[in-house]
Amino acid sequence: MTALWGILIVSFFSFMHFAVSVQKHHRDLYKKMAITNKEFRVLQGVAWVTLLGTLIPAIQHWGVGIGIMTWLLLITVSALVVTALVNFAPESFAKLWRLLGVVRFIAPPAERPQRTK
Amino acid sequence: MKGPLRKTMTWLHTWSSILLGWLLFAIFLTGTLSYFRGEISHWMTPEQHASYVTDDTIMKAYERLSEVAPDANSWSISLPTVRDNTVGLSWQNEGENQRRRGPQETMNAATGESIDGRETRGGDFLYRFHFELYGMPRGFARTVVEIATMAMFIAILSGIVMHRKIFSDFFMMRTKNRSLGWADAHAVTAVLALPFHIMITFSGLLLLSSSLIFWTENTRGGGGGGGERNQAQNAQQQMAENGPRGGQGDLATLTANRTEGGRMTEQRTQGMNGARGQDGARAGADTSEVRARPNRDVRETEGERLGERRTRGEGPQTARHQGRQDIATPPLRNMLTQAESLFAGDIGRVQIQNPLTADATFVFSPVNRDMLMVERGSNNSVTFSATGLEIERNQAKASENNSFFSAAGGVLHTLHEARFADAITRWAFFLAGVMGTIMVGTGSVLWAVKRAKRQMGQFGYELVVITNIASIAGLCGAVAVYFWLNRLLPATLENRTNWEINGFFVAWLLSLLHAIFYRNKGAWVVQLGIAGALFCLIPVLDTLTSSASLLHAIIHVDVLRLSFDVMCLLLGGIMLATARYLQNKARRVISPKPATRKPTLEGAVK
């Protein structure tokens, strides 16, 4: 059970990074800022590493055969959730991104205009 | 090169899928529902809902069998598992054909009473429809389904090639736009669940591959590979028709009976004769009259006699019993605990040979769902004697003489049907199946939407629109009607099964008629709305018309029933949401308002 929720949550995290690494969604999030090369690489790196990381507990828990298939299905579910959030609840996605998107600290977009309140 | 290739692929994608898209939608929808085949069958026999497992279940089953079948040669008990909450009892009387299933009954696991379920095809109807459709010669229907699967496979491959920006459109849904909304829904459901689509289509293609071979007689009807496979499949088909109870268990029984049959029968006959001899003078008088008749008649007469005695209130004292008065009740609960710890899992089936005698044996076999490779005929089991001593242990490994191809076929089969799946994996399969269904449906709709401006009014176009409505919204409604009829038709109606199935097709036909006349006047919204409402109201119907309320199901964690209700709510929700989306869109087309500013994320992150 823990393996399952772990996979769901971590793969959700990695799909968030995939989504932000897409130019269009990045623009939505960062006030029309184009994505820098460095940022793209870091986002993609974090996303791939965490996503493939979730394959390990899946294989440990279910064995190679079932593990891979279950893993594919589970990450499909998280990808679906990310898609739904990005498109239908962009505000909540932005909030989640502010909470979870560690990449902001590793590769902050260079000259992001500060928003004045 | 790239342009022409992409263009060719687009052409191939469009035309390979639109021709069979409607059939594929039906295959996908019924197949997706078939992941919950057990749940559906369980829900559709509400008489079983009062049953739940207790520690005493196995003893209750034993008592029940000694009451109804004291004279049988062997008993078989299917214990409640995750996929089934009742107890299945069956027994074989002496001299009966070993290959045919003997008398059987379903028992309430909590009270030990027999359950007389209503007559229904349950989830098996949808399951059979998934690959054999209905009312067609089996071989022909399978060939049609196989061709549709092939078209699906072609569509998937060409779809991957023609999709220009897989990565950048990965998360994109532009619902506000007229045709982009459909295109995005199509692409997102296709791309996100792509591994599932490829797996399910490819394995489906292989499972039915023999239906394309016309030149041999014996592969015509079957879907499997060689002859051995066919036999196994036929047994499974028989199972499917007889009821949802554990397919593999029965296969194992079949093989066991075949191999041990000779030896066992001999022993048993001797045992029985001995016992009957000791029955003594009292029975002698009755039997002497009929001794001249064939054996079968003797048994029948004896049966009647026993029945009479039982009704006179003398209890289950039988010929055999009287000979061995002091047979102690075997320590079944201890055996069960031992067997469960041995196999580290649930025990699915208990076979009892020579019951109610001193040399009775008890064979416990586990439910083996956890393996991707389910070897046919291999049966893990542990055997106990009547006093509870372990006699024999069978922990079969994967058989080594499996060829590579049959092994691969086994894996694909298991994957396709998600036999290994626990509750959560099953839900994941189901969700992926729903995405596949949405993908096929939106694909068909997209064809019409793209051509709406140019071809409105042309025969071909209108035909596609009508068929779209009837095959997508109509089928959803028909499935809902099938479920509703199951609960609304009186339980004792004659030909009940046929009424349910006919109701399904009548509903589908009505939706076709409705689509013909109202295709441009909101037939989509009306039909999807009705189907969605019917699905969403199913939990209400359930609690009102079942033998036990939903509260009972929640208290006793009746996962099967609750899963079904949740599944219906989910499907109904999707249908209602789609209907609402279509309604809003139609309103926008009729009276275009100034576009309201879409909330953006601008500055959401500082």
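**Helix packing in chain B**

Mentor: To begin, H5(B) passes H7(B) in a left-handed crossing, meaning that the near helix is turned anticlockwise from the far one by less than a right angle. This is a predicted model, in which local features need pLDDT of at least 70, side-chain atom pairs count only at pLDDT 80 or more, and totals for chains, interfaces and linings use all residues. Residues are numbered from 1 along each chain as written, chains are lettered from A and ligands numbered from 1 in written order, and side-chain values use heavy atoms without hydrogens and water.

Trainee: At what angle do the axes of H5 and H7 of chain B cross?
Mentor: Roughly 145°, and the axes of H5 (residues 138-162) and H7 (residues 194-207) come within 9 Å. Axes are lines fitted to C-alpha atoms, for helices over the stretch in contact, and angles run from 0 to 180 degrees between N-to-C directions. Helices are DSSP runs (H or I, at least four residues), numbered from the N terminus.

Trainee: Which residues of H5(B) and H7(B) meet?
Mentor: Among them are Phe153(B) and Ile156(B) in H5(B), and Ile198(B) and Phe202(B) in H7(B); contact means heavy atoms within 4.5 Å.

Trainee: Next, how do H3 and H13 of chain B pack?
Mentor: H3 (residues 57-68) and H13 (residues 332-343) pack at about 130°, with axes 9 Å apart. H3(B) is therefore oblique to H13(B), since angles under 35 degrees count as roughly parallel, over 145 as roughly antiparallel, 65 to 115 as roughly perpendicular and the rest as oblique.

Trainee: And which residues meet there?
Mentor: Ile58(B), Met59(B) and Tyr62(B) in H3(B) meet Leu332(B), Arg333(B) and Leu336(B) in H13(B).

Note on methods:
Helix = DSSP H or I, 4+ residues; strand = E, 2+ residues; numbered from the N terminus.
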